[in-house]
Structures are given as structure tokens and as C-alpha cells.
Amino acid sequence: MQGTGLTERPQSPPRLPRWSTVTAAVLIVAGAAYLLITLADLVKILLVSALFAFILNPLACLLESRGLSRLAATTAVFLVVIGVVCLAFFFLFPLFIEELNSLKAVIESGQARHVIERLESYIADSLAFAGVEEVKILDNLRVLTSNLIGRLMDRFVDVAFFVTHLVIMPLIIFFFVKDARQMKKRVMSWVPNRYFEVSLKLLHTLESQVGMYLRGQVLDALIVGIMVGTALWILDIKAAAFVGAFAGIANLIPYLGPVAALLPAVAISIVETGGFDKVIPVIIAFAVVKLIDDSAVQPVVVSRSVNLHPLAVLLVIIVGGKLFGIMGMLVAVPFTGFLKVVVQESRRLAQMFRDA
Amino acid sequence: MRILWENIFRDLRKKQKDSIEILAAIPIFEDLSRRELSEIERIMHRRQYDQGEIVFHQGAQGLGMYVIVSGEVAITRDTGAHLLAELKEGDFFGELALLDDSPRTATAAALSACTLLCLFQADLLDLMQRNPRLGVRIMIRLARTIGARLRKTNEHLAAVLCREQA
């Protein structure tokens with residue numbers, strides 16, 4: 001049968017030696033890393049905005065499916081989010097202030113001083129082999145309750161913070177949600193034909209992995225925060241709402257978050273009661289919440305599409321935290337899952353071109 | 001100076017108009033309104049291929065279908081040894097990839113410099129989410145197109161078997 005002549009490829013330019021390709025790749029990666037570090041603040045703003053856009057995008061799509069234009073859908077979503085934030089600010093914020101002031105009063109009254117000092121010396125003695133000389137739980141709690149609200153207010157009054165986080169970032173998020181499809185199309189138009197299909201696949205994988213993971217984690221954090229707050233309220237812990245909110249936010253970080261939330265809850269229960277009466281009930285409450293979360297909430301709400309070994313999850317969270325702080329810890333897992341797919345697809349593509 | 005006065009958007013609008021007219025002639029998009037065709041054209045990617053450039057390889061994972069806006073494309077199997085079809089302006093190929101991720105059963109390559117419009121499965125699924133009526137209409141037409149190809153293949157196979165037996 002006649003061939004098409006397609007097997008006779010046009011003369012391609014001579015191939016560069018392998019070492020020059022590797023050197024060029026290393027230089028490009030080093031240059032990108034340098035830019036990333038130099039423009040870290042801008043990168044953080046864009047990254048956080050993109051994360052929020054991932055979370056809000058399905059809501060805009062849902063409104064679009066009801067007949068709204070993309071602009072109207074995005075505007076409606078933003079109005080709802082602004083409404084929720086305002087409600088949280090006017091109802092939750094005063095509650096947190098009241099709880100922290102109440103806790104501060106208890107700390108300064110000295111009723112828990114004796115118990116805390118015994119606990120501090122016990123922990124210091126136990127960890128002496130590791131070089132720990134003293135533990136200052138009471139001083140740290142005092143600093144937390146007296147300065148936390150003041151520091152938050154100072155930040156809001158800081159003009160640069162206000163403009164960046166409360167004006168520019170919402171605008172960036174708005175345009176990311178409204179024009180996501182056009183932006184994707186524009187980015188894909190720059191990709192050479194040879195890598196077009198695989199790049200499109202990677203982009204869709206990024207959207208589905210990161211988007212589904214983040215949305216699931218945010219919903220899970222909300223549910224855990226409400227459960228912890230309710231459990232602590234039942235146990236008559238005065239800072240129940242504040243600790244519940246903290247537990248919800250901490251739950252966004254796998255493995256480390258729940259532990260990080262338990263410690264302040266236990267410390268606050270000791271400070272409030274002046275003894276260890278509520279320590280065991282608080283630990284049991286956290287254990288029950290964790291059990292409900294793992295068995296009932298997470299399987300339904302959180303996507304398991306990332307598919308990483310638990311040790312790998314811990315390592316990437318630590319690395320993410322070192323590089324980008326709390327935000328790094330939050331996105332480390334879905335981003336690593338995406339990188340894994342990139343590597344797998346790149347290897348498959350390289351193999352395919354070698355065989356062709 | 002001409003560029004200051006020329007309507008630089010005329011070319012863009014002409015390209016979009018040409019694309020919509022080509023899409024309207026494709027069975028998968030038949031009977032869709034101009035507005036619906038515009039919506040589909042907005043989610044498609046326009047790509048330029050040089051002569052001899054491969055669009056997709058046999059065995060690669062299928063991601064979407066291609067519509068030829070201009071130029072010619074050859075569909076071949078077994079590294080170009082068997083020519084299955086030569087497609088030209090207004091033709092389409094790779095539509096099975098809109099339904100599943102199976103490997104491509106043939107290689108598509110540009111016979112001449114060509115412009116293709118690509119519709120990908122993920123974008124079609126996204127369209128179905130935000131405009132379910134349009135998405136369902138496209139899927140029904142897609143199913144009919146694939147059914148028609150299957151019937152034609154069956155007739156061809158039956159004819160070949162008859163000839164062999166005779």
C-alpha cells in the first residue's frame with residue numbers, strides 16, 4: 001500500500017549536545033527560583049488569589065448553569081462572600097474579643113498560676129535531655145491574650161496591608177474567577193503544538209486536583225470548627241468559639257493541624273479551671289471529633305485524588321511551611337500531587353517520542 | 001501609519017465568522033443557533049500546524065476532536081504505512097476522544113499548512129455543567145455521528161466479507 005510520505009520528515013535542525021540541554025534546563029530552573037524568591041510577596045498574593053478563585057469557581061459555574069452570564073455569576077458570588085465576611089466580622093469577632101478578654105482576666109487573676117508552674121517544671125524536667133531548660137506556657141498565653149487583638153488591629157490600620165489584602169487581592173480573585181477560561185486559553189496558545197495536548201491535560205489535572213482538594217478541605221475545616229466549638233461549649237470552656245475557629249483553620253493542614261489545635265485547648269482548660277479536671281474531657285472531645293471527621297466527613301467531602309504516601313505528605317508539609325509559611329503548608333499536598341502527575345506524564349511523553 | 005487606521009479587529013472577527021460557519025456545517029453542531037455556535041467557538045482552541053507536523057500520534061491518549069478550518073490532514077496507521085483518509089477544510093476527526101480517554105487508533109498529521117479548531121473533553125464537560133441543555137444536545141449529536149460511522153463500518157465490513165466469500 002502507498003505510503004503518505006509522512007514518514008519522510010522534513011530536515012530538522014542538528015540536535016544540541018545533551019550537556020547543553022541539561023545546562024539550559026538548570027539555568028532556567030535556577031532563574032525561575034531566583035525570580036520566585038525575589039518576588040515572593042507578589043507570588044504569595046497571586047497564589048492565595050488563585051486558591052480562592054479555585055474555591056469560588058464552582059459557585060460561579062453553578063449560577064451560570066441557572067442562566068446568569070459569567071460576569072453576573074461572579075458578581076453574585078462575590079456579594080455573597082462579602083456578606084458572609086461582614087457577618088463573621090460583626091458577630092464572631094466581638095465574641096472572640098470577649099472570650100480572649102475573659103481568658104486574660106483568668107490568667108492575670110493567678111488562679112491557675114500554681115498548676116501551670118508545676119506543669120512547666122514537669123515538662124522542662126522531662127525534656128532536659130533535649131537541652132530544654134525552661135518552658136513558659138503562662139507567659140506565652142499572657143502575651144497571646146494581651147497582644148493578639150492589638151496586633152490584628154495594627155495590621156488593619158497599616159495602609160499597605162489594607163490596600164494589598166483588602167483591595168487588590170479581592171480584585172485579582174474577581175478577575176481570576178470571571179476570566180479563568182480566557183486566561184487558560186491565552187496561556188495554552190503560547191504552548192508549542194508538540195506539547196499542546198499534554199499541557200492541556202496537565203492544566204485540567206491541576207484544576208481538578210487542586211480545586212477539589214481545596215474545596216473539600218475548606219468545607220471539612222468548617223465542619224470540624226463547628227464540631228470542636230460545640231463540644232467545648234458543652235464542656236463549658238469559655239474560649240469555645242475561638243478554639244473552635246482555630247481548630248477549624250488548623251485542620252486545613254493534614255496530620256499536624258489537629259494536634260496543633262489540641263494543645264492550646266488543653267492549656268486553656270487548665271488555665272480556666274485552675275486544675276486538670278477538664279483535660280481528659282477535652283482530649284476525648286477532640287478524639288470524638290477526629291473520629292467523626294475521619295469516618296464520616298472526610299470520605300464524603302475531601303477528595304482523595306492526590307494519592308501520596310503519608311510520609312511524603314508530612315515531608316512536603318514541612319518543606320511547604322519552610323518556604324511559604326502557613327500558605328505553603330496548605331497547598332503543599334495538592335501541589336505535590338500535581339507535580340507527581342507532571343513527572344509521570346513527562347516520562348510517558350518522552351518514552352513515546354523515543355519510540356516514534 | 002496604515003496600522004493606526006486599519007480596523008485591526010476585522011481580521012479577528014473574520015476568523016471567528018469563518019470558524020462559526022465551518023462549525024455550523026458539522027453534524028455534531030447542526031441546528032445550533034449562532035449564539036450557541038459562538039459559545040462553542042469560545043471554548044475551542046485555534047492551532048496552526050506546519051506541513052508534516054503531527055497533530056496526534058497513534059497510541060497517545062485521546063483528549064478531544066479537531067475541526068479543519070483550512071488546509072489538509074492525513075489520517076494514517078502504523079507510522080504512516082497505511083493511509084486511512086485525507087481530510088480537508090470543514091472535515092473533523094478524533095471525536096471519539098470526547099467520550100473517553102482511550103488511546104488514539106491512528107496518527108493525524110498536516111499534509112499542508114493548516115489551521116485547526118480543537119474541542120477538548122474537559123472543556124465540553126465544563127460546558128455541560130454551566131449550560132446543560134446545549135451540552136446534552138451536542139452529546140446526542142455526537143452519539144448519532146459515531147453511530148453513523150459504526151453503521152458505515154459495518155456495511156463496509158459486510159461488503160468485504162461478501163467479496164472474500166465470493
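**Figure 1. The loop that holds A:Asp236 in the predicted model.** In this predicted model, A:Asp236 is found in the loop between helix H8 (196-234) and helix H9 (240-250) of chain A. Its phi angle is near 60°, a positive value in a residue other than glycine. A:Asp236 has a relative accessible area of 53% and is therefore exposed, since the class begins over 50%.

Figure 2. In chain B, the loop between helix H2 (8-24) and helix H3 (34-43) contains B:Asp31. Although B:Asp31 is not a glycine, its phi is positive, at about 65°. The relative accessibility of B:Asp31 is 63%, so this residue counts as exposed.

**Figure 3. A nonpolar patch on the surface of chain A.** The patch is formed by A:Leu166, A:Val167, A:Ile168, A:Leu171, A:Phe175 and A:Met183, which together have about 480 Å² of accessible area. Helix H6 (residues 159-178) of chain A provides the largest share of the patch, namely five residues. A:Met183 belongs to helix H7 (residues 180-189) of chain A. Because its relative accessibility is 33%, A:Met183 counts as partly exposed, a class that lies between the limits of 20% and 50%.

**Figure 4. The helices of chain A.** Chain A has 12 helices and zero strands. Of its 356 residues, 34% are buried. Among the contacts in chain A with a separation of 6 or more, 69% are between residues 24 or more positions apart. The accessible surface of chain A comes to about 21600 Å², and carbon and sulfur atoms account for 71% of that surface.

**Figure 5. The open four-stranded sheet of chain B.** Four strands of chain B form an open sheet in the order S1-S8-S3-S6, with antiparallel pairing. At the edges lie strand S1 (45-49) and strand S6 (92-93) of chain B, each of which pairs on one side only. In general, the strands of a sheet pair through backbone hydrogen bonds, either parallel or antiparallel.

**Figure 6. The pairing of strands S1 and S8 in chain B.** Strand S8 (residues 114-120) of chain B is joined to S1(B) by five bridges, and the two strands run antiparallel. B:Arg47 has B:Leu116 in S8(B) as its bridge partner.

**Figure 7. Helix H4 across the sheet of chain B.** Helix H4 (residues 121-130) of chain B lies across S1, strand S3 (64-70) and S8 of chain B. The helix runs at about 50° to S8(B).

Conventions
Residues are numbered from 1 along each chain as its sequence is written. Chains are lettered from A and ligands numbered from 1 in the order in which they are written. This is a predicted model: local features need pLDDT of at least 70, side-chain atom pairs count only at pLDDT 80 or more; totals for chains, interfaces and linings use all residues. Side-chain values use heavy atoms; hydrogens and water are left out. Patches are made of residues with over 30% relative accessible area and no salt bridge: like charges are joined within 9 Å, nonpolar side chains (Val, Leu, Ile, Met, Phe, Trp, Tyr) within 5 Å. Accessible areas come from the Shrake-Rupley method with a 1.4 Å probe; for residues, only the protein chains shown count as cover. A salt bridge is a side-chain nitrogen of Lys or Arg within 4 Å of a carboxyl oxygen of Asp or Glu. Buried means under 20% relative accessible area, exposed over 50%, partly exposed in between (1.4 Å probe, protein chains only). Two strands pair if DSSP finds at least two bridges between them. Contact means heavy atoms within 4.5 Å. Axes are lines fitted to C-alpha atoms, for helices over the stretch in contact, and angles run from 0 to 180 degrees between N-to-C directions.
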